[in-house]
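I opened the model today and kept notes as I went. Here is what I looked up, entry by entry.

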Amino acid sequence: MDKAANRSLHKYAVFTACSTFLLLIAGALVTSNDAGLSVPTWPLAWGSVTPPMVGGIVYEWSHRVIAASVGFLTIILAAWLWKAEKRVWMRWLGLAALGGVVSQGILGGLTVRMYQPPAVSGAHATLAQLFFSTVVAIAFFTSAWWQSDLPETEDTGAPRVRSLTIWTIAAVFLQLILGAAFRHKGFGIIPHLIGAAIVTILVFMTAGALKRRFSTSQPLRKCARLLHILIGVQLLLGAGAWWSRMYGAHFPQPVPVMITLTVVHTVTGALLLATTLLTALVSYRMLRSGSAVADSSATSEQVA
Amino acid sequence: MKKSKFGMYSLAIGAFALAITGCGGKKEETTETAAPAAGAAAGKMVDAATAGEVTGSVKLDGTAPKMKNISMAAEPACSKAHSGPIASEEVVTGDGGALANVVVYVKSGLDGYSFPAPSTPVKFDQNGCQYHPHVAGVQVGQNIQVVNSDQTTHNIHPIPKENREWNESQPPGATPIDKSFARQEIAIPVKCNVHPWMKAYMAVLANPYFQVTEKDGKFDLKNLPPGTYTLVAWHELYGTSEQTVTIGAKESKSVTFTFKATAAAGD
C-alpha cells in the first residue's frame, strides 16, 4: 500500500471511530431518556423508516439510524483493510470489528424484542465499548506513527508498565460492565463503586510509572497526562451522575441534569477504555522489559 | 485470491443484513388467554339474598407530599392539552387526608366461589398524555380496552412479574388495543417510553370484590357472601395494608385504612 492510500485508510478509520463515538452518545441518550422501548418493533419502526419523531422516538430512532450508518462504515472499513492491508492480522481485526458491529445490531434488536432484559441490555452496552475500542485500535494501527521505526526503551521498573496497562484495561473493562449493569438495573451501585476504586488505583499506578520512568518520552508522557485527566474527570462525573440520579428520583421524568451527567460519564468511560488501550499499545511499541531485551539480544546473536 | 475476496464481501454483506433483519420475525401474539377464574366453573355462586357489604375509606396520616409538576414542553401535542401545570399523580389526596388511587380488594376468604370475568371491558385512555385512570382495577381475563385520545403516538408498556409483558404503539386515531391478563397481580406498572412521565398501574384481581378509590378515598365492596375476609389496600408509594373483617348475612361493615405519610417522590 502506498503512503497516500495508507493515509486515506487511516483517515477513514479515524472517521469511523469518531462516528462510533457519536453512536455511543446516541445510545447513552436512549438509556438516560428511558426511550429504549419507544419503538416496539425492530429493525423498522412499524415497517417504516420515517416514524413520527416525537418524544423518546427521537432518541431511539436516531440511535438506530446512526447505528446502521456505523454498520455500513464498518463494512467498508473491513473490506478496505482486507483489500489493502499487507498485515494479515489487520485484515482479521477488520473482520472482528465487522463481527462486533453485527453482534451489536443483533443485541440491540434483542433488547427491543425481549423488553430490555438486564443481561441483554448490559451486553449491548458493554459490546458497544469493545467495538469502539476495536475501531480506535484500527485507526491507531493504520497511523504513520505506528508503522514508523520507533526507538525502544528498556523498562526496568517493577511492575512493568506493559503489565500494568493490561491490568488497567481489564479493570476499566470490568468497571464498564458493572456500570452498564447498574444502568440497566442488573446490579446495585456498590460493585460499580468498588470497581471505581480499583480502576483509580491502577490508572494512577500506570500513569505514575509512565511519568516517573519515561519523562523524556513525549508519547508516553502524553499517555500519562491523558490518563490522569480522564480519571479525574471521570471520578467527578461519576459523583455528579450519582447525585443527579438521587436528585432526579424526585421528578416524574428524567431531568436534563441527570441525562447530561450520565451520558457524559458513560462516554467518558469509553474514552478511558480506549485511552488505556492506546497506552498499552504505545507501551508495547516503545518499551521492552529487561528480560525481553536480553532474550532479543540472545536471538540476534544466534541469528548472526 | 479472488475467491477469498468474494468470500469476505459475501460474509460482510450477509452479516450486516443479518444484523438488520436477523431478529425480525412474525409479530408475537401478546394477548393472554384468560385463566379459569378463581373457583373454576363448578364453583359456588354468591347468594344475593344473604350477601352483605364492606364499606370504608382510605386516609393518609400526615401531610401529603407536594407532587412535582410534569414538564410536557418538549411535546406540543401534550402541553396544548392542558391549560395549567400538571402534577405527578403518585400521591393524590382529597379533603381530610382522603387518599385516591388505592386499590382495596379481598385477598382471601372466597375459596370455592366462581367469578367469571365480566364481559364489559375496562377503558384505559391516554388523554392529555396521561393515563386515565391512573390506577385501573381489572379482573383476571377481563378485557382492557386501550384508547389513544391524543394527537400524538404513544406506546403502552405494562411491566408485569406474573403475567406476560407486552409493548405496543398506538398512533393518533388508531383502533383500540384489547388486552387481558391471565393471573392475579397487584399491581402491574404501565409506562410510555415516548413520554417518560406517563406512568400508571393495572391491578389484576381474581375476584370482583375490589375498588380503586377516588379523591374522597371511599370504597364499597357490595354483594359479599357472609364470611371472614382479609382486605388489602394497595398504594403505589405507600405499599399495602391488611385488615380482617367478618360479615354476617345482609350485614354491612365499615373499615378504615390509614397510610402514614412519608417522604415521597414529590418531596
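**Entry 1: a parallel pair in chain B**

I looked up Lys123(B) and found its bridge partner in E8(B), Gln145(B). I then noted the two strands, E5 (residues 122-127) and E8 (residues 144-148) of chain B, which pair in the parallel sense over 5 bridges. Two strands pair if DSSP finds at least two bridges between them. Helices (H or I, at least four residues) and strands (E, at least two) are DSSP runs, numbered from the N terminus.

I wrote down the ground rules here. This is a predicted model, where local features need pLDDT of at least 70, side-chain atom pairs count only at pLDDT 80 or more, and totals for chains, interfaces and linings use all residues. Residues are numbered from 1 along each chain as its sequence is written, while chains are lettered from A and ligands numbered from 1 in the order in which they are written.

**Entry 2: the sheet around that pair**

**Entry 3: antiparallel strands in chain B**

I moved to strand E16 (residues 227-235) of chain B. It runs antiparallel to strand E4 (residues 103-108) of chain B, and 5 bridges join them. In this pair I found Val106(B) opposite Leu231(B). E16(B) also runs antiparallel to strand E17 (residues 239-247) of chain B, with 9 bridges. There, Leu231(B) stands opposite Gln243(B). E16(B) and E17(B) form a hairpin, with 3 residues between them.

**Entry 4: chain B as a whole**

I noted 2 helices and 18 strands for chain B. Of its 267 residues, 39% are buried. A residue is buried if 20 or more other C-beta atoms lie within 10 Å of its own, exposed if 12 or fewer, and partly exposed in between; C-beta atoms are placed from the backbone. I also looked at contacts in chain B with a separation of 6 or more: residues 24 or more positions apart account for 70% of them. Two residues are in contact if their C-beta atoms, placed from the backbone, lie within 7 Å.

Two packed helices are described by the angle between their axes and the distance between the axes. Axes are lines fitted to C-alpha atoms, for helices over the stretch in contact, and angles run from 0 to 180 degrees between N-to-C directions.

I took helix H3 (residues 88-113) and helix H4 (residues 118-141) of chain A. Their axes come within 9 Å and cross at roughly 155°. That makes H3(A) roughly antiparallel to H4(A). Angles under 35 degrees count as roughly parallel, over 145 as roughly antiparallel, 65 to 115 as roughly perpendicular and the rest as oblique. The crossing of H3(A) and H4(A) is left-handed. A crossing is left-handed if the near helix is turned anticlockwise from the far one by less than a right angle, and right-handed if clockwise.

Next came H4(A) with helix H6 (residues 161-183) of chain A. These axes come within 9 Å and cross at roughly 140°. That makes H4(A) oblique to H6(A). The crossing of H4(A) and H6(A) is right-handed. Residues in this contact include Ala125(A) of H4(A) and Ile177(A) of H6(A).

Most residues other than glycine have a negative phi, and most peptide bonds are trans. I looked for exceptions.

A cis peptide bond joins Ala158(A) and Pro159(A), with omega about -5°. Pro159(A) lies in the loop between strand E1 (153-155) and H6 of chain A. Another cis peptide bond joins His132(B) and Pro133(B), with omega about 5°.

Lys185(A) is not a glycine, yet has a positive phi of about 65°. Asn101(B) is not a glycine either, and its phi is positive, about 60°. Are these residues buried or exposed? Lys185(A) is exposed, with 12 other C-beta atoms within 10 Å. Asn101(B) counts as buried, with 26 C-beta neighbours inside 10 Å.
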